[in-house]
Amino acid sequence: MALEEKTVSFRALAEKIDALDELAAAQDRPRSYLINEAISNYIELHAYHDSLVRKGLEAARTGQVISHEEVVKRLKRAGRIRQ
């Protein structure tokens with residue numbers, strides 16, 4: 001089954017489109033391929049971020065948190081911050 005495609009139009013600075021076209025030419029790909037890759041990466045990144053936020057909120061709701069002081073203590077112990 002073929003995926004349905006839709007056409008989208010948007011405005012961007014000319015220099016961004018020029019840079020996109022240079023990348024597309026260097027990769028021997030059409031501009032639309034790179035735009036679709038960028039959209040896919042954006043969606044994936046923000047879906048992942050959203051899932052982490054939801055997980056953190058759920059942990060906070062159920063009391064699965066540690067104090068700021070405990071975080072600092074652990075970071076110092078691990079050598080991640082100066083003592």
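A surface patch is made of residues with over 30% relative accessible area and no salt bridge, in which like charges are joined within 9 Å and nonpolar side chains (Val, Leu, Ile, Met, Phe, Trp, Tyr) within 5 Å. I66, V71, L75 and I81 form such a nonpolar patch, with about 280 Å² of accessible area together. The structure is a predicted model, in which local features need pLDDT of at least 70, side-chain atom pairs count only at pLDDT 80 or more, and totals for chains, interfaces and linings use all residues. Residues are numbered from 1 along each chain as its sequence is written, and side-chain values use heavy atoms, with hydrogens and water left out.

**Fold and dimensions**
- The protein chain holds 3 helices and 0 strands, where helices (H or I, at least four residues) and strands (E, at least two) are DSSP runs numbered from the N terminus.
- From the N terminus on, the order of elements is α-α-α.
- The protein chain is more spread out than a compact globule, because its radius of gyration is 22 Å, well over the 12 Å that the globule rule gives for 83 residues; the radius is taken over C-alpha atoms, and the rule is 2.2 Å times the number of residues to the power 0.38.
- Along the principal axes, the C-alpha atoms fill a box of roughly 50 × 35 × 25 Å.

**Surface and charge**
- Of the 83 residues in the protein chain, 5% are buried (buried means under 20% relative accessible area, exposed over 50%, partly exposed in between, with a 1.4 Å probe and protein chains only).
- The protein chain exposes about 8,100 Å², of which carbon and sulfur atoms supply 54%; accessible areas come from the Shrake-Rupley method with a 1.4 Å probe, and for residues only the protein chains shown count as cover.
- There are 14 positive and 13 negative side chains, and the centres of the two sets lie 13 Å apart; Lys and Arg count as positive and Asp and Glu as negative, without His and the chain ends, and each charge is placed at NZ of Lys, CZ of Arg, CG of Asp or CD of Glu.
- A salt bridge, which excludes a residue from a patch, is a side-chain nitrogen of Lys or Arg within 4 Å of a carboxyl oxygen of Asp or Glu.

**Individual residues**
- L75, a member of the nonpolar patch, lies in helix α3 (residues 68-77) and is partly exposed, at a relative accessible area of 33%.
- D28 is placed in the loop between α1 (14-26) and α2 (31-61), and its phi is near 55°, a positive value in a residue other than glycine.
- D28 is exposed, with a relative accessible area of 70%.
- Y42 belongs to helix α2 and is likewise exposed, at 53% relative accessible area.
- Y42 and D28 are 14 residues apart along the chain, and 22 Å separates their C-alpha atoms.
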